[in-house]
Amino acid sequence: MDKKEKHKEIINEMIRVNQAGEFGAQKIYEGQLAVLPKDKTIKGMAKQEKIHLEEFNKLMIKNRVRPTAMSPIWAVGGFFLGASSALIGRDAAMACTLAVEEVIDKHYEDQEKKLKKNVKDMELLKLVKKFRNEEIEHKNIAIENNAKNARGYKLLSFGIRNITRAAIKISKKI
Ligand SMILES: [Fe+2]
Ligand SMILES: [Fe+2]
């Protein structure tokens with residue numbers, strides 16, 4: 001594989017995992033809204049996630065990147081995670097958002113670094129920067145909305161962070 005091919009493969013992997021992540025995020029919010037349909041705060045975040053997903057969908061088509069084969073699993077898993085956390089309570093739904101966004105923030109931060117240093121792709125970098133800021137906003141909104149007061153917060157957060165990390169790892173390759 002020459003340098004150009006290698007570069008393309010790294011970019012493709014980034015687009016694939018980001019699209020998968022935003023797809024999963026959308027499903028999580030769908031699940032939460034199925035239980036809490038009138039929640040304006042959750043609706044507001046879901047709206048931003050929809051834009052994130054649309055932008056990565058576009059980039060995916062433009063770069064001819066295949067989506068992750070795990071999409072059907074992420075759809076069910078994301079929805080289940082969102083709905084079950086919201087069923088525990090609004091605090092738990094927020095704890096779920098906080099845990100996911102902590103991992104996504106870190107994931108986008110790593111990508112930002114890579115995109116600045118090794119693999120230059122300004123279009124992707126711009127999106128990652130913008131979306132990362134919004135994920136940080138979501139994180140703060142979740143904290144303001146009592147995420148940390150959820151019953152069993154520590155365990156819940158630990159579990160969801162690990163699930164999210166695993167999903168990212170798998171989506172890069174499969
Ligand atoms: Fe997002
Ligand atoms: Fe988000």
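Me: Which residue bridges the iron ion (ligand 2) and the iron ion (ligand 1), and how far apart do they lie?
Reply: Glutamate 49 is the bridge, and the two iron ions lie 3.7 Å apart. Keep in mind that this is a predicted model, where local features need pLDDT of at least 70, side-chain atom pairs count only at pLDDT 80 or more, and totals for chains, interfaces and linings use all residues. Also, residues are numbered from 1 along each chain as its sequence is written, chains are lettered from A and ligands numbered from 1 in the order in which they are written, and side-chain values use heavy atoms, with hydrogens and water left out.

Me: OK. What are the protein donors of the iron ion (ligand 2)?
Reply: Glu49 (OE), Glu101 (OE), Glu135 (OE) and His138 (ND1), at 1.8 to 2.3 Å from that ion. Donors here are N, O and S atoms within 2.8 Å of the metal (3.2 Å for Na, K and Ca); water is not among the atoms, so sites may look incomplete.

Me: What's the geometry of that site?
Reply: Tetrahedral, with angles of 90 to 127° among the four donor atoms. Four donors get that label if all angles lie between 85 and 135 degrees. The ideal angle for four tetrahedral donors is 109.5 degrees.

Me: And how are those donors spaced along the chain?
Reply: As E-x51-E-x33-E-x2-H. Within that set, glutamate 101 in helix H4 (residues 90-117) and histidine 138 in helix H5 (residues 122-144) are 37 residues apart, so the pair links distant parts of the chain. Helices are DSSP runs (H or I, at least four residues), numbered from the N terminus; strands are runs of E, at least two.

Me: Are glutamate 101 and histidine 138 buried or exposed?
Reply: Glutamate 101 counts as buried because its relative accessibility is 4%, and histidine 138 does too, at 0%. Buried means under 20% relative accessible area, exposed over 50%, partly exposed in between (1.4 Å probe, protein chains only).

Me: Are glutamate 22 and glutamate 135 buried or exposed?
Reply: Buried: glutamate 22 has 2% relative accessibility, and glutamate 135 has a relative accessible area of 1%.

Me: Switching topic: how many aromatic pairs are there?
Reply: One aromatic pair. Phenylalanine 56 and phenylalanine 131 are edge-to-face, 5.5 Å centre to centre with 80° between the planes. Phenylalanine 56 is in helix H2 (residues 40-62) and phenylalanine 131 in helix H5, 75 residues apart. The rule takes rings of Phe, Tyr and Trp (its six-membered ring) with centres within 6.5 Å; planes under 30 degrees apart are stacked, over 60 edge-to-face and the rest tilted.

Me: Last one: how many helices and strands are in the protein chain?
Reply: Six helices and zero strands. Of the chain's 174 residues, 48% count as buried.

Conventions. Four donors count as tetrahedral if all angles lie between 85 and 135 degrees; four count as square planar and six as octahedral if opposite donors are over 155 degrees apart and all others between 65 and 115; anything else is irregular.
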